[in-house]
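Visitor: I have a structure open and would like to go through some parts of it. Can you show it here as well?

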Amino acid sequence: MNSNSPTSVDIIEQQSVFNISASIFHRFIGIPTTIKVCSRGVVIDVENNSTNISWQDLTVPPSFHLSFFGQIISFKTEKRNYVYSMLAYSAKRKYKNMCEQLWASANIHRVESLLTAIENFTTNRYLRQSTLERIQLASKQELVRWLPWLNANRSSNAAKSLANISIIVQRLSYYQIWNEQEIADSRESYIAEQLQIHKSFFDQVESDPLTQCQRRACIIDNDNNLLLAGAGTGKTSVMVGRTGYLLKSLQGKSEEILLLAYGRKAASEMDDRIREKLSTDRISATTFHSLGLSIIAQVEGKKPKISAFAEDEKAKLAWIQGYFDTLINDSAHYRELVVDYLTNYEYIERSAFDFKSLGESYQYFNDNDIRSFKGEQVRNFGQLYIANALFSHGIAYQYQAKYGYDVQTTAGKQYQPDFFLPELNVYIDYHEIDHNGNTATYIDDDTYLQRIEWQRAAHENYNTDCIELNYAQQQEGKLISTLMQLLMERKTPVQAPSNELFSTEPIPTEFMTDTLKENGKITTLATLMCQLVGLYKAACLEISLGNTSNRRFNNAKHEEVIAASLAPKQTTRAFTLLNPILTAYEQHLSNSGEIDFEDMINKALSYVKTDKFKSPWRYIMVDEFQDISEPRARLVKALRDNKKECSIFAVGDDWQAIYRFSGADVSLTTQFARYFGATTQSALMQTFRFNNQIAKVATDFISKNPAQISKSISSIKQVDAPAVSLLKRESSQNNMAKTMSNKTMIIDEMANGAIDEVLTAISAKVCKPITVYLLARFWFLLPTSIDIKRLNNQYPLLAIEGQSFHASKGKEADYVIIIGMKKGIHGFPSAKTTPAIHEALLAKEESFKYAEERRLFYVALTRAKDRAYIIADMSDSNNFVQELVNDHHIELNEFDSTTSQSSVADLPCMVCDTGLLKKRTGRFGTFYACSNSPRCQHKEKPCANCDSPMTRKRYPGFKTCLNQPCKNIVPTCVQCNAEMVLRKSNKGEFWGCQNYRGNDPMSCKNSVDNANINWPELITEYP
Ligand SMILES: [Zn+2]
Ligand SMILES: [Zn+2]
Ligand SMILES: [Zn+2]
């Protein structure tokens, strides 16, 4: 509008319309003021000064006030108020109306062009929030000029001549009171028009015409746009379609569009699609990696040297592992720190008092795979500390060694002291009793103390030496010192011929590290360090911004991370281990003049933020947005703010966010608008991949987490029968001892024939070649490549491939078979707990338990086009399998299963509560052992008549055979819960406890006459 403002020369050159002269009064007292009024403005002459004001500069019409000395006329501009007094008394009467007319006709053009601009904006573009705000601001500024004046003149004579102006201003004021609905309508009419204009493009851009939702997603263009694209809903079609639409509608040129893909492979796939569908190679998708590179290259004039670590996580791990080893080998101090960390901080200590049941405590130990230095699966932290102390003092020990004499407990088991030290001939028992003499709530104090008494009696009887330790000592921090002191007392020349046998000083740490390496503890720690390096650097973004060449990790960040951590002590120690590695890593990069990925994003971000880089992009499109990390999101936001009128279009599916462990933050998707500002969110909910039955199970499953955005996925393919099928199969017993390191070992689902059974079932259904995925949480839970090759040969119609859940993202197969569905650290959902320091550096943990594992299962299920199979050992099955069986509509009867598999709910372990009894075969035949083995050692016998499992859940006080026709029923002992056995005496038949062992102190002498057994009412069914 300013460009239209006339210059003062213009005004002077104008023929004046009329002059306002000074009042008579003024003419007497000096050189009078005159005001020359022209069509473009006013020129005021005061003495020798001339002031020019254009009508456009006047924010309101000139105002006239009568005073004793004449009229006072004021001219108000944006910047100041010009006031002139002592003007002709008649000026108001003669000129006020004319001045106002001139002001109005000079200014109304601006209102008209504003209206035209607004109409252009709203009809030729998708109305962005920022545009809306600009419109409302501009119209508000205009209305402030016009409305007071128009209102004042409403009833005057001039009103008629102002009618035209009034109408124009009225049209503008409409935008001030624009409501949500009207804004939405305006946008809708734009979309409708675009849909019409570009119909043939949308029909032809992909092999199938784009759906209505896909078309709308191409057109919608707010400042920020989030497209939630469900699995198999064709998001890549939208990325390609939108790019083509922006080019075709001339909204953007190819160099103004930035396409960001998650990985290099995804980027090149998108390039292929664009070349094929849009016949252009002027646009190519880029990764964050190459985006960062090109920003830096452009600013610095040359490509930065990128470390191999930037994209090769394995190379980085190898370097860090190597350096970690060097530290351990060369520095006694560092070695001590490592040993101290592994001794005291590797796991987060919990005592029996923290748990509600024995099983819950076993679960904690299983989930965290808590093991001593020598690898023993200890049952409590007391045992852990004792085992590690013995080891680090070079004292030979046996964990849970058989007691040297035949002493049986009530439950008929051989007494096993916690430790036996052969060199000293000493036993150690650790009791979970606190300083008040209490045990955990789920333990019966009397029974526990009775057992201790009995153990003491045994040691006395057989004259064996036993050191007793307890939780009270542990609480006071005296557990190990007490142990050492008691051991020293026993170090007599007779028992320990060599004085070197042990001392209270630990053995030098170099003698310990080999064992720690062998059992993988060092590797685990090195892997953690490697993850921490990247995450910590990413977390230090703010601190190092603008100082990327000389990064210094400051203590403030340390403090912040420690404060955010759930286990501050552990986190502090981990930092002590991390610091030298971090320094060396940074040194290594700077020595070779290289930067890694974190540096690169950081540097690029600082160039964008400081305007050293001028972004050419007006349209930023990001794929797989659910897996974006905060630093990357920050770069996207900075690029948006760096370029005028730039919009962001993010495509993702919060249901498929699976990379939190590597720094992704799903809340950037679920809380998108909070991070980026005003957003239009839309969704693609029609899936082309899987049928309605898979959609239903998958949607219901993921929706259990209320934090996931609610969506209803609809399928093109409709089927009536359930399309998720469960095969229940006992895991092969030979595989019980399978360890991770033994990768050549055959996986359970191959060993027990379950995979073959499913493949046979699939083969029977198909008559043309199809694809089958075997999917597992971890690669090592998949069949080996040799096995997969064999399967492919064996089932010629099936193209079988193994994929981890993560790797299967974005892919599909006709059938999928999901395996590895068991409990534990390498089970699924993986119960593995993240070390506190690692956790503190990740996006805030979601409150819904196993939120990310749940999304992983959603990803796995939705790879299947026709049918998903799940193989599970029900006695070791995870929560997800149990939830599928209980809450979702899945096929349970496609395959036969054994009694123990179909009735696991009837077979809980009576000792630890959370375990389930699993069928095992040993030297003496079939037995049922607790799934929390080896920590829980409870076992039960099968039915004596038919070898089937027996349940205690049907009738209290009895075990009944689960094999219906067998109908075997046996009373259990009211004193010790063991089975009773029918015996004969001269008085008749009676049931005696199976733990009867004559006069042995632990013998259970409970017995009931057969006639007195109170058989359950339904016994009529058991003749
Ligand atoms: Zn148990
Ligand atoms: Zn039976
Ligand atoms: Zn008994």
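**Strands, zinc sites and a helix**

Guide: Lys984 has Glu989 in strand 31 as its bridge partner. This is a predicted model, where local features need pLDDT of at least 70 and side-chain atom pairs count only at pLDDT 80 or more, while totals for chains, interfaces and linings use all residues. Residues are numbered from 1 along each chain as its sequence is written, chains are lettered from A and ligands numbered from 1 in the order in which they are written, and side-chain values use heavy atoms, with hydrogens and water left out.

Visitor: How many bridges join strand 30 to strand 31?

Guide: There are 6 bridges, and the two strands run antiparallel. Strands are DSSP runs of E with at least two residues, helices are runs of H or I with at least four, and both are numbered from the N terminus. Two strands pair if DSSP finds at least two bridges between them.

Visitor: In what order do the strands of that open sheet come?

Guide: The order is 30-31-32, with antiparallel pairing. Strand 30 and strand 32 (1007-1009) are at the edges with a single partner strand each, so one side of each has no neighbour in the sheet.

Visitor: Is Cys973 buried or exposed?

Guide: Cys973 is buried, at 1% relative accessibility. Cys993 is buried too, with a relative accessible area of 1%. Buried means under 20% relative accessible area, exposed over 50%, and partly exposed in between (1.4 Å probe, protein chains only).

Visitor: Which residues coordinate ligand 2?

Guide: The zinc ion (ligand 2) is coordinated through SG atoms of Cys943, Cys946, Cys961 and Cys966, at 2.2 to 2.3 Å. The site is tetrahedral, with angles of 97 to 114° among its 4 donor atoms. Cys943 is buried, at a relative accessible area of 2%, whereas Cys966 is partly exposed, at 21%.

Visitor: Different topic. Which residues of helix 18 are buried?

Guide: They are Leu479, Thr482, Leu483, Met484, Leu487 and Arg490. The buried residues of helix 18 pack against several elements, including helix 15 (381-392) and strand 12 (426-431); contact means heavy atoms within 4.5 Å.

Visitor: Last one: how many residues of strand 6 are buried?

Guide: In strand 6 (residues 70-76), 5 of the 7 residues are buried. Strand 6 pairs in the antiparallel sense with strand 5 (residues 63-67) over 5 bridges, and Ser74 in strand 6 stands opposite Ser63. A hairpin through 4 residues joins strand 6 to strand 7, where Tyr82 stands opposite Phe75.

Definitions and conventions:
Donors = N, O, S within 2.8 Å, 3.2 Å for Na, K, Ca; no water. Tetrahedral: all angles 85-135°; square planar, octahedral: opposite > 155°, others 65-115°.
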